[in-house]
Every structure is written in structure tokens, then in C-alpha cells.
Amino acid sequence: MSQSGLREVEHEITVTAPAAAVYRLIAEVQNWPRIFPPTIYVQREAQGENAERIHIWATANGEAKTWTSRRTLDPEGLRITFRQEVSAPPVAAMGGTWIIEPVSDGESRVRLLHDYRATDDDPESLAWIDEAVDRNSRSELAALKENVEAAHAAEDLTFSFEDTIRVNGSAKDVFDFVNEAQAWPERLPHVATVRFEEPSPGLQELEMDTRAKDGSTHTTKSYRVTFPHARIAYKQVTLPALMTLHTGYWTFAEDDAGVAASSQHTVTINTANVARILGADATVEDAKKYVQGALSTNSRATLGHAKDYAEARA
């Protein structure tokens, strides 16, 4: 504490990767949901020379939170400073610095500094923030180390794909169908049950049991961020056994001919479970095809029912 109510903490980790490569990874916020476990989605809202304003959605102690931050980038000094512009209670103010220091040509030290205050300097709130910052900092640094060091190995395991259909209706109606996930058990045959919460407008927690072709059910949990009536971004936090990562977004682009409704997925294959699920001779490519087939089947089914819903209302 350098002044009453202000907490200052530091976490660090050593990464087997060049400092410049680590800096670039942290600077590219669009990849954060793939790199940092707590991050659900990041949107860049304003950008200038070596400065930017970003909106972040992330979990803290199991609760979904959102805030905006301003960042100053120093690529030569390998430093990134950040300051929350609008904090989420119980945080009254939050800021800090990423510092990347070369240890050798192939190794670097990453230091993550935070300073923060609790709303009304409440001791219980400060303790909650202490725990959240410590948990998230350790998680972020461990994930950063893992993702940088495994970048080449994971390159062949991560892939993206997208399915699009045309809808003769309005973007609002298609958006509403996907947004109203609490109604999916009545609207979508492959969805058995849904547990849905929206703790704040546009920030959703969605847990559901879906039916596979063989009749089995699988439970997944996602956090979703909605942008009416254009986009719904999500990150799965409870994953099927064949995936270590699943992020994506639904988009609804209206034009003179109707709506282009799309479902995009980014997935990383869990190689540890390929043989157990698909057989001893199965390859990573087999797993990619299997996962893409399963996700595309469900996405296209959802889009198809959304199309019927929107066109019936047109």
C-alpha cells in the first residue's frame, strides 16, 4: 500500500520465448480469449498512435464482469500500461503494467503489475479483489507461458471455420432467436435442457445439454457477449473431451436481399483424447473433421430454425 486504500501487487513468470514475441502476443488483444482463460471477449473501440481503448469481458472468481481500459503501447521498451476506464464493482479503480524483460535470446521474464482500490475502500471488497487479481494473474501468466512456448506445436491443432445461410427476414428476428437461448429446448431438437442467466444486459451465462446423433447428451457451458442485432460472441468454459479451446461468434448482416446469418468457430484439438474417443488409429485430421462436423451440424440446425422463425415473422 503506497497510500490509504491502494493496493499494489506484482506477479512474474519466465517464458522460453524471445521477449519481442511475447510482447506481440500480449499486444494483440483480439487473441486474448484464446490465450487467457478468464477472458471471454475483447473489442477494440478506439485506437491512436501507441494508444488504444478496449472493452473487455472476463470472469473473476467465477463471475462474469466487463470493463473498459486504456492502454499505452511501448514496443521498443517492451512495456504495456493499462488503466480501467470504467471498472466493475467492487473495483473502484484498476491499472497496471506488463513488463517484458529479455533473459537471453530465447528466454524472457514477464512481470505483471497491478494497482487497485475497492469501492468505498471496503475491506471485504478489497479482499475479494485481492483473490481475483491473484487468481487471474497466475492464470494469465501460466496461460501466456503455455501458449507462447507451445505456439508451434499448437499451430496444427487450432483451426477456424464458418457456416452461413441466407434469411429472407430481418437481422433483429434472427438475432432474437439466437439470443433467447432460454427458449432453445422448445425451439431446437438437439438441445435437451438449458440453464441461462444474464447477470447484466448483454453478458450471458449459458449451460446446456445437447443430444448427439447416438442419443447421448453432452454438457457445455459458455459465456456470451451480445451486440444487438449484429453479433453474439462466446467462449466455452466447459468443453467436450476433444477440445481444449472453443470460441466463436454469431453474426447477422442485413442487406437489401435479407440477412446473411453466420456461425464462426475457432477450436483447438485435445490430442490426449483422440485415441480414446475416435479409436487408436485416429489422427488429428480425423479429430478436426469430427469436431467440425459436429459443430457445423448443430450450428446449421440452429441457423435453419432461426431462418424459419425470422421468415415466419417477415
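User: Hi! Before we look at the shape, what is the radius of gyration taken over, and what is the globule rule?

Analyst: Hi! The radius of gyration is taken over C-alpha atoms, and the globule rule is 2.2 Å times the number of residues to the power 0.38. One thing to keep in mind is that this is a predicted model.

User: Got it. So what does the rule give for 314 residues, and what does the protein chain have?

Analyst: For 314 residues, a compact globule would have a radius of gyration near 20 Å. The protein chain has 21 Å, which agrees with that. Along its principal axes, the C-alpha trace spans about 60 × 50 × 40 Å.

User: And how many helices and strands are there?

Analyst: The protein chain has 8 helices and 14 strands.

User: What share of the residues is buried?

Analyst: Buried residues make up 47% of the 314 in the protein chain. As for the surface, the chain exposes about 15,200 Å², and carbon and sulfur atoms supply 48% of that area.

User: Let's go inside. Which residues have the most contacts inside the largest nonpolar core?

Analyst: Those are Val-22, Ile-26, Trp-98, Ile-100, Val-110 and Leu-144, in a core of 29 residues. Helix α1 (residues 19–27) gives the largest share of this core, with 6 residues. Apart from it lies another core, of 23 residues, including Ile-165, Val-167, Val-178 and Met-208.

User: Can we zoom in on Val-110? What is it in contact with, leaving aside neighbours within four places in sequence?

Analyst: Among its contacts are Val-22, Ile-26, Trp-98, Ile-100 and Leu-144. Val-110 also touches His-11, Glu-12, Ile-13 and Val-15, as well as Ile-99 and Leu-141.

User: New topic: is Thr-39 buried or exposed?

Analyst: Thr-39 has a relative accessible area of 3%, so it is buried, given that the cut-off is under 20%. You can find Thr-39 in strand β2 (residues 39–48). Beyond neighbours within four places in sequence, Thr-39 contacts Trp-32, Pro-33, Trp-57, Ala-58 and Lys-235.

User: How about Lys-288, buried or exposed?

Analyst: Lys-288 counts as buried because its relative accessibility is 14%, and buried means under 20%. Lys-288 belongs to helix α8 (residues 284–313). With neighbours within four places in sequence set aside, Lys-288 is in contact with Asp-156, Leu-157, Phe-159 and Ile-269.

User: Speaking of charges, how many positive and negative side chains does the protein chain have?

Analyst: There are 32 positive and 47 negative side chains, and the centres of the two sets lie 2 Å apart.

User: Now the backbone. Which residues does a cis peptide bond join?

Analyst: Pro-90 sits in the loop between β5 (79–86) and β6 (91–104). Another joins Pro-228 and His-229, where omega is about -10°. His-229 is in the loop between β11 (217–227) and β12 (231–238).

User: I also spotted Asn-50. What is its phi near?

Analyst: Phi of Asn-50 is near 60°, a positive value in a residue other than glycine. Asn-50 lies in the loop between β2 and β3 (51–60), and with a relative accessible area of 40% Asn-50 is partly exposed.

User: And Asp-120: where is it found?

Analyst: Asp-120 is in the loop between β7 (107–118) and α3 (123–149). Asp-120 has a positive phi of about 60° although it is not a glycine. At 73% relative accessibility, Asp-120 counts as exposed, because exposed means over 50%.

Methods: Residues are numbered from 1 along each chain as its sequence is written. This is a predicted model: local features need pLDDT of at least 70, side-chain atom pairs count only at pLDDT 80 or more; totals for chains, interfaces and linings use all residues. Side-chain values use heavy atoms; hydrogens and water are left out. A nonpolar core is a set of buried Ala, Val, Leu, Ile, Met, Phe, Trp, Tyr and Cys residues joined through side-chain atoms within 4.5 Å. Buried means under 20% relative accessible area, exposed over 50%, partly exposed in between (1.4 Å probe, protein chains only). Helices (H or I, at least four residues) and strands (E, at least two) are DSSP runs, numbered from the N terminus. Contact means heavy atoms within 4.5 Å. Accessible areas come from the Shrake-Rupley method with a 1.4 Å probe; for residues, only the protein chains shown count as cover. Lys and Arg count as positive and Asp and Glu as negative; His and the chain ends are not counted. The place of a charge is taken as NZ of Lys, CZ of Arg, CG of Asp or CD of Glu.
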